[in-house]
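Biologist: Please take me through the aromatic pairs and the sheet in this model, with the reasoning behind each label.

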Amino acid sequence: MKLLLVEDEPALRSTLLEALRQGGYVVEVAPGFDQAYEKIKLYRYDCILLDLTLPDGNGLDLLRALKADGSTAGVLIITARDAIEDKVAGLDLGADDYLIKPFHLSELNARLRAIIRRRQFQGQHHIVFRDLLVWPEQAEVLVRGESVPLTRKEYDLLLYLLANPGRILTKEAIAEHLCGDTVDTADSFDFIYTHLKNLRRKLQDKGADNYIRTMYGVGYKLSSE
C-alpha cells in the first residue's frame with residue numbers, strides 16, 4: 001500500500017516514516033504544503049496522513065484540492081489541533097478519520113488499516129477472489145486453503161490487482177504503486193514483469209488459474225473469467 005505522509009515536525013516525521021515502512025507500506029514524505037500539493041497532483045496514493053498545521057499552508061486546503069480532483073485516496077488527519085471545529089471541518093471535507101497528537105503507533109496502524117479496508121475492500125477483513133483468500137492484516141494469501149509464500153513486492157502487487165479487479169493497470173501505474181516516486185529514476189519497468197511472472201507462478205503452483213492477464217501494449221488486469 002502506498003502512503004503520503006504530510007508532516008512538518010522532523011522528529012515525528014522520521015519516527016512515523018520508519019514505523020510505516022517497517023509495517024510494509026511504501027511511504028513518500030512531504031514536509032510542507034507546497035511539496036504535498038505537488039505530489040498529490042502527480043501521484044496516486046492509497047491513503048494520506050495529513051497534518052493540518054504546515055509552515056507554508058493549511059492542511060485543510062490540501063484536503064479540498066484532493067476532493068476537487070476526485071481523488072480516491074483515504075485521508076487520516078494527524079494533528080495537535082483538537083478543536084472540535086477543526087475536526088468537523090476535516091470530516092465535512094471528506095477526511096476518513098482524525099487522530100490527535102500524541103498518539104500510539106498501534107492506534108495509527110489500526111486506523112490506517114480500517115481506512116484502507118473501507119476504501120478498497122468494502123470494510124471486509126478478508127478478500128475472496130475465485131480460489132484466492134487473502135487476510136490483509138496478516139499478509140496471508142491462501143489458494144484453496146493452502147498458504148502461498150510471497151515476497152513483499154509480490155504481495156503488494158496482488159493487493160493492488162485485487163483492489164482493481166477487471167481494470168487494466170499500466171506498467172507505469174504498477175511501478176509507481178510499488179516503488180513510489182523513486183520510480184522516476186528507474187531505467188526500465190522490467191522488474192514489473194519479473195514480479196508478475198513470479199506471482200503468477202506461485203499462485204498456479206498451488207492450483208489457481210491464471211487470473212492475471214497481459215493486455216499487450218497496454219498493461220495487466222485481474223480477470224474474473
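The questions below concern a predicted model.

Biologist: Are the rings of F33 and Y37 stacked or edge-to-face?

Modeller: The structure holds two aromatic pairs, and F33 with Y37 is one of them. Their ring centres are 6.2 Å apart and their planes meet at 10°. Planes under 30 degrees apart count as stacked, so the pair F33 and Y37 is stacked.

Biologist: Is F33 buried or exposed?

Modeller: F33 and Y37 are four residues apart in helix α2, about one helical turn. Y37 has a relative accessible area of 34% and is partly exposed. The value for F33 is 15%, and buried means under 20%, so F33 is buried.

Biologist: How many residues apart in sequence are the parts tied together by F129 and Y211?

Modeller: The ring centres of F129 and Y211 lie 5.5 Å apart with planes at 80°, so this pair is edge-to-face. Both F129 and Y211 are buried. F129 belongs to strand β8, whereas Y211 sits in the loop between α8 and β12, so the parts tied together are separated in sequence by 82 residues.

Biologist: Which helix packs on the sheet that contains β8?

Modeller: That open sheet has four strands in the order β8-β9-β10-β11, paired antiparallel. Strands β8 and β11 are its edges, each pairing on one side only. The helix touches β8, β9 and β10, and its direction makes about 110° with that of β9. It covers residues 152–162 and is helix α6.

Definitions and conventions:
Residues are numbered from 1 along each chain as its sequence is written. This is a predicted model: local features need pLDDT of at least 70, side-chain atom pairs count only at pLDDT 80 or more; totals for chains, interfaces and linings use all residues. Side-chain values use heavy atoms; hydrogens and water are left out. Rings of Phe, Tyr and Trp (its six-membered ring) pair if their centres lie within 6.5 Å; planes under 30 degrees apart count as stacked, over 60 as edge-to-face and the rest as tilted. Helices (H or I, at least four residues) and strands (E, at least two) are DSSP runs, numbered from the N terminus. Buried means under 20% relative accessible area, exposed over 50%, partly exposed in between (1.4 Å probe, protein chains only). Two strands pair if DSSP finds at least two bridges between them. Contact means heavy atoms within 4.5 Å. Axes are lines fitted to C-alpha atoms, for helices over the stretch in contact, and angles run from 0 to 180 degrees between N-to-C directions.
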